[in-house]
Amino acid sequence: MSDAKKSARAEQAKGAVKEAVGRLVGNERMTADGRSMRARGDLREAVHKIRDAFRR
């Protein structure tokens, strides 16, 4: 797995944790921020998968 994919997965995980903590403490802003971090990670991972598909 490339470094870019690892960083995308790390961003997904960090966002999921932040979203869960935000829900746990009732902080809507933290929940939304975590959701957006997870979405950015999902998007970056999708871009890398598409690039890999075209390289084959």
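Predicted model: local features only at pLDDT ≥ 70, side-chain atom pairs only at ≥ 80, totals over all residues.
Colleague: Is valine 25 buried or exposed?
Modeller: Residues count as exposed over 50% relative accessible area. Valine 25 has a relative accessible area of 58%, so this residue is exposed.

Colleague: Nice. What is the accessible area of the nonpolar surface patch that includes Val25?
Modeller: Val25 forms this patch on the surface with Val17, Val21 and Leu24. Together, the accessible area of these four residues is about 400 Å².

Colleague: Now glutamate 11 in helix α1: is glutamate 11 buried or exposed?
Modeller: The cut-off for buried is under 20% relative accessible area. Glutamate 11 has 14% relative accessibility, so glutamate 11 counts as buried.

Colleague: Which side chain makes a polar contact with the side chain of glutamate 11?
Modeller: Leaving out residues up to four places away in sequence, glutamate 11 touches Met37, Arg38, Arg40, Gly41 and Arg44. The polar contact between side chains, at 2.5 Å, is with arginine 44.

Colleague: Which helix do the buried residues of α2 pack against?
Modeller: In α2, the buried residues are Thr31, Gly34, Met37, Gly41, Glu45 and His48. Two of these, Met37 and Gly41, are also touched by glutamate 11, a residue of α1. The buried residues of α2 pack against α1.

Colleague: Last one: which residue caps the N-terminal end of α2?
Modeller: Helix α2 covers residues 28-55. A side-chain oxygen lies 3.1 Å from the backbone nitrogen of arginine 29, and the capping residue that provides this oxygen is asparagine 27.

Terms used. Residues numbered from 1 in each chain as written. Heavy atoms only, no water. Patch = residues over 30% accessible without salt bridge, like charges linked within 9 Å, V, L, I, M, F, W, Y side chains within 5 Å. Areas by Shrake-Rupley, 256 points an atom, 1.4 Å probe, with all protein chains shown as cover. Salt bridge = Lys/Arg side-chain N within 4 Å of Asp/Glu carboxyl O. Buried < 20%, exposed > 50% of the residue type's maximum accessible area, 1.4 Å probe, protein only. Helix = DSSP H or I, 4+ residues; strand = E, 2+ residues; numbered from the N terminus. Expected span 1.5 Å × (residues − 1). Contact = heavy atoms within 4.5 Å. Polar contact = N/O pair within 3.5 Å; in protein donor to acceptor, adjacent residues only side chain to side chain.
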